Amino acid sequence: MAKKRNPANNKQVSGQVRIIAGMHRGRKLAVLNSDGLRPTTDRVKETLFNWLMMDVRDAICLDCYAGSGSLGFEALSRGARSVDFIEMDKAAGQQLKTNINLLKANNAKVHQGDCLSILPALAQKYELVFIDPPFRKGLAQRTIDTLQQAELLADQALVYVEVESEQTTLEVPQSWHLVKDKNAGQVSYRLYRLNCT
């Protein structure tokens, strides 16, 4: 007997992301088949969270362009105090909420809509921010600019940016210092620390 499709949308679960470490280690979360959705690979995620090893616990986090929520859920598993997810796609946003409920993560919230519109409306000061937008739309730079204008970053905040490998330059504020950077195939990823002194 054929399974009924969810009438709320015509997108289907197409895969899973795996939580690498922490309290939900090994847990697999469903991911929707959605245009432009590109979950961070386990290899890149493992490198990133090695960089963040001393900084995730108790951090107030923001996952921009959350998609599958791979980065935000990994942070939650490793002891982040809270994670705000921002996701444009309505069905992907609903899947994030479903996965939050599965993990019983009452310290996570989904903001559904355009990231650049939602950021100025947020009132939180974030200590760890993930920026992993759809490629080749200039969104990383615009998000960096909007984050800075909205004054959403705490002192010594860390900002992770993942862009296409041909994106060789990003204009970041003088107070942002590059901590780590690496290339993996078609992806370039960088970690900045905000220094307000």
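This report walks through the sheet, the helices, the aromatic rings and a few loop residues of a predicted model.

## Before we start

Because the model is predicted, local features need pLDDT of at least 70 and side-chain atom pairs count only at pLDDT 80 or more, while totals for chains, interfaces and linings use all residues. Residues are numbered from 1 along each chain as its sequence is written, and side-chain values use heavy atoms, leaving out hydrogens and water.

Some labels come up throughout. Helices (H or I, at least four residues) and strands (E, at least two) are DSSP runs, numbered from the N terminus. Two strands pair if DSSP finds at least two bridges between them. A residue is buried under 20% relative accessible area, exposed over 50% and partly exposed in between, using a 1.4 Å probe and protein chains only.

## The sheet

Let's begin with the strands. Strands of a sheet pair through backbone hydrogen bonds, either parallel or antiparallel. Here, seven strands make an open sheet with mixed pairing, in the order β5-β4-β3-β6-β7-β9-β8. At its edges are β5 (108–112) and β8, each of which pairs on one side only. On average, neighbouring strands are turned by 15° against each other, direction ignored; such angles run from 0 to 180 degrees between N-to-C directions, and the axes are lines fitted to C-alpha atoms, for helices over the stretch in contact.

Strand β3 (residues 60–64) and strand β4 (residues 82–87) run parallel and are joined by four bridges. One detail to find is Ile60, whose bridge partner in β4 is Ser82. Elsewhere in the sheet, β7 and β9 pair in the antiparallel sense over seven bridges, and Tyr160 stands opposite Leu191 in β9. Strands β8 and β9 are antiparallel too, with eight bridges, and Ala184 stands opposite Val187 in β9. These two strands form a hairpin with two residues between them, and Gly185 in the turn has a positive phi of about 65°. Seven of the eight residues of β9 are buried, so β9 is largely enclosed by the rest of the structure.

## Helices on the sheet

Which strands does helix α2 lie across? Helix α2 (residues 70–77) lies across β3, β4, β5, β6 (126–131) and β7 (153–164), and runs at about 170° to β4. Helix α3 (residues 90–103) also packs on the sheet, where it touches β4 and β5 and makes an angle of about 170° with the direction of β5. Contact here means heavy atoms within 4.5 Å.

Helix α3 has 14 residues and spans 20 Å from its first C-alpha to its last, close to the 20 Å expected at 1.5 Å a residue; the expected span is 1.5 Å times one less than the number of residues. Its buried residues include Ala92, Leu96, Ile100 and Leu103. At the start of α3, a side-chain oxygen of Asp89 comes within 3.1 Å of the backbone nitrogen of Ala91. Just after the helix, Lys104 takes a positive phi of about 55°.

## A histidine in an edge strand

Is His111 buried or exposed? His111 sits in strand β5 and is buried, with a relative accessible area of 14%. Leaving aside residues up to four places away in sequence, His111 touches Asp84, Phe85, Ile86, Glu87, Ile118 and Leu122.

## Aromatic rings

The structure holds six aromatic pairs. Rings of Phe, Tyr and Trp (its six-membered ring) pair if their centres lie within 6.5 Å; planes under 30 degrees apart count as stacked, over 60 as edge-to-face and the rest as tilted. The centres of the Trp176 and Tyr192 rings are 5.8 Å apart and their planes are at 50°, so this pair is tilted. Trp176 lies in strand β8 (residues 176–184) and Tyr192 in strand β9 (residues 187–194), so the pair ties together parts that are 16 residues apart in sequence.

Trp176 is buried at 5% relative accessibility, and Tyr192 is buried at 6%. Ring pairs also link Phe49, Trp51, Phe130, Tyr160 and Tyr189 into a cluster.

## Loop residues to look up

Asp132 and Arg136 both belong to the loop between β6 and α5 (139–150). Asp132 is buried at 10% relative accessibility, whereas Arg136 is exposed at 54%. The C-alpha atoms of Asp132 and Val163 are separated by 6.8 Å, although the two are 31 residues apart along the chain.

Most residues other than glycine have a negative phi. Arg136, which is not a glycine, has a positive phi of about 60°. Glu151, in the loop between α5 and β7, also has a positive phi, near 55°, and is exposed at 57% relative accessibility.

Notes
Polar contact = N/O pair within 3.5 Å; in protein donor to acceptor, adjacent residues only side chain to side chain.
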